[in-house]
Amino acid sequence: MQEISTQERAARLTAALAATPGKLLIGGKWVAAQSGRTFETINPATGAVLGHVAHGEAADVDLAVKAARQALEQPAWRLMSAQDRGNLLLRLADLIERDADELAVLECLDNGKPAKLTRAVEVDGSIKTFRYFAGWPTKFGGETLPVSPRSGARILNYTTREPVGVCGLIIPWNYPLSMAAWKVAPALAAGCTVVLKPAEQTPLTALRLAALAQEAGFPDGVFNIITGFGDAGAALVAHPGVDKVAFTGSTEVGKRIVASAAGNLKKVSLELGGKSPQIVFPDADLGPAAQSIAQGIFFNQGQTCTAGSRVYVHRSRYDELLGLVSDHAKRLRIGDGLDPATDFGPLVSDEQWQRVNSYIGIGREEGARLVTGGGRPAGHDKGYFFEPTIFADADGSMRIVREEIFGPVLSVLPWSEEEDLVRQANDSEFGLSAGIWTNDIRRAHRTAAAIKAGTVWINCFNMIDPSTPFGGFKQSGWGREHGRQAMELYSEVKSVWVNLS
């Protein structure tokens with residue numbers, strides 16, 4: 001079979017998207033929105049329209065939630081064995097692997113990140129996630145407990161794990177396929193039914209994932225998808241038929257979700273913002289540290305919740321590290337993600353470009369020194385390209401240090417005293433992740449224990465695996481994704497007492 005080039009695959013996908021408006025998946029049927037409306041999805045590398053997808057609204061959400069409720073109560077799903085549920089997830093993983101190259105290009109077209117990175121991170125990572133959670137249905141259950149009832153009574157007490165119910169899953173635009181997998185996989189493994197709401201900027205791979213789930217053989221209504229804007233997400237959160245909401249996105253929106261979910265006290269898990277510190281001690285190997293620090297902020301154009309956007313480096317190594325990271329930034333090859341030579345693509349939208357650009361002015365006004373970047377790269381007049389950007393001479397009071405920019409903007413700060421360093425690193429409303437660079441293992445563990453963050457990387461950064469929990473302290477969220485902890489998010493515990501006397 002002749003290998004299809006990335007450019008040819010992109011051309012075929014673009015033609016298909018232009019010819020066929022996207023629809024909603026509700027109760028096993030692909031349908032237009034009740035209003036008949038659609039909206040555009042844009043290629044961020046060119047600004048061109050890729051296609052049109054259904055503009056779902058509250059009426060469509062209501063139908064999807066009812067379909068999910070009906071599927072939850074049907075024997076085809078409710079009584080499916082744990083083994084068979086795991087097999088369906090394995091089948092879905094196989095189908096993602098079958099279409100991996102196409103999914104990588106589709107994500108590149110819709111999100112902008114280079115296709116080679118999309119394949120390695122998003123697609124392969126999603127396959128790994130579904131295969132990991134496919135193993136949980138046969139291993140996730142209750143236990144018998146040695147209770148101490150009144151004297152003489154013979155009591156058996158055991159617990160069971162039951163699906164929490166209908167789950168509203170709302171995902172962001174920065175890692176569309178990965179974020180869908182992170183939520184869909186454990187929810188289905190636990191026996192829930194789902195209504196997935198992808199970000200309006202990047203709906204395409206979520207729609208394809210829903211189609212693959214249908215092909216895998218999931219019963220009608222188990223997996224539903226609504227494309228639309230914030231009003232559709234708000235309707236999903238507020239719907240009384242939804243038992244749980246899982247959301248990844250900004251802290252501001254997360255707070256609104258908590259307030260809206262109070263109507264029926266639905267369960268809520270949140271993976272929110274971050275402003276992750278990277279801490280460099282004077283004994284660190286600066287070569288590997290600089291390379292990882294550059295990747296930690298510039299990967300996916302800085303549009304990553306864990307982005308290491310503030311670096312604290314000891315004064316004795318400050319200038320050296322700053323120069324090394326700047327060199328890495330300048331060597332990044334900027335361009336359309338369909339080009340195999342590209343390792344730095346555009347931001348996702350004009351709105352995001354304007355947001356990032358506004359912080360350049362803020363940083364300068366606050367007195368930080370712009371070392372490199374700070375605007376649109378030469379030769380990239382089309383699309384939403386923004387240069388890798390580094391500010392030096394920053395301090396903890398500056399907005400560029402305190403606020404999540406969600407773009408390729410790094411602030412570098414000096415430190416002298418270790419005790420004050422930890423205070424500075426923890427001086428944030430966020431607590432998602434942190435990086436530590438040192439060859440002193442005692443210092444590494446001591447600092448990791450003192451940092452208030454859900455994940456701490458030592459001499460590495462942005463290591464993610466579905467077997468280990470991921471989530472944040474403080475205003476970076478509620479709950480943990482991945483691992484057993486994710487299964488717990490999508491289940492309820494029931495305690496059963498049996499009198500054997």
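**Pockets and cavities**

Guide: Helix 6 (115–134), helix 7 (176–189) and helix 11 (286–298) each contribute at least two residues to the lining of the second largest pocket. Helices (H or I, at least four residues) and strands (E, at least two) are DSSP runs numbered from the N terminus. This is a predicted model, in which local features need pLDDT of at least 70, side-chain atom pairs count only at pLDDT 80 or more, and totals for chains, interfaces and linings use all residues. Residues are numbered from 1 along each chain as its sequence is written, and side-chain values use heavy atoms, with hydrogens and water left out.

Visitor: Which helix gives the most to the lining of the second largest pocket?
Guide: Helix 6 does, with seven residues.

Visitor: What volume does the second largest pocket have, and which residues are closest to its centre?
Guide: Its volume is about 660 Å³. Of its 29 lining residues, Val 121, Phe 299, Asn 462, Met 463 and Ile 464 are the closest to the centre. A pocket here is an open set of points on a 1 Å grid over the protein atoms alone, with protein on both sides within 12 Å along at least five of seven lines; a cavity is a set where a 1.4 Å probe fits but cannot get out, and lining residues have an atom within 4 Å of a point. Grid points are joined across faces, edges and corners, and a volume is the space filled by probe spheres set on them.

Visitor: And how much space lies in the largest pocket?
Guide: About 1,200 Å³. The largest pocket has 43 lining residues, with Trp 173, Phe 247, Gly 249, Ser 250 and Val 253 nearest its centre.

Visitor: Which helix gives the most there?
Guide: Helix 10, with seven residues. Helix 9 (230–238), strand 10 (244–248), helix 10 (251–261) and helix 13 (350–366) each supply at least two.

Visitor: How many of the residues in that lining are charged?
Guide: The lining of the largest pocket has 12 charged residues, beside 18 nonpolar and 13 polar. Ala, Val, Leu, Ile, Met, Phe, Trp, Tyr, Cys and Pro count as nonpolar, Asp, Glu, Lys and Arg as charged, and the others, Gly among them, as polar.

Visitor: Changing topic, how many cavities are there of 30 Å³ or more?
Guide: There are four. The largest cavity has a volume of about 70 Å³, and its lining includes Gly 274, Lys 275, Glu 404 and Phe 406.
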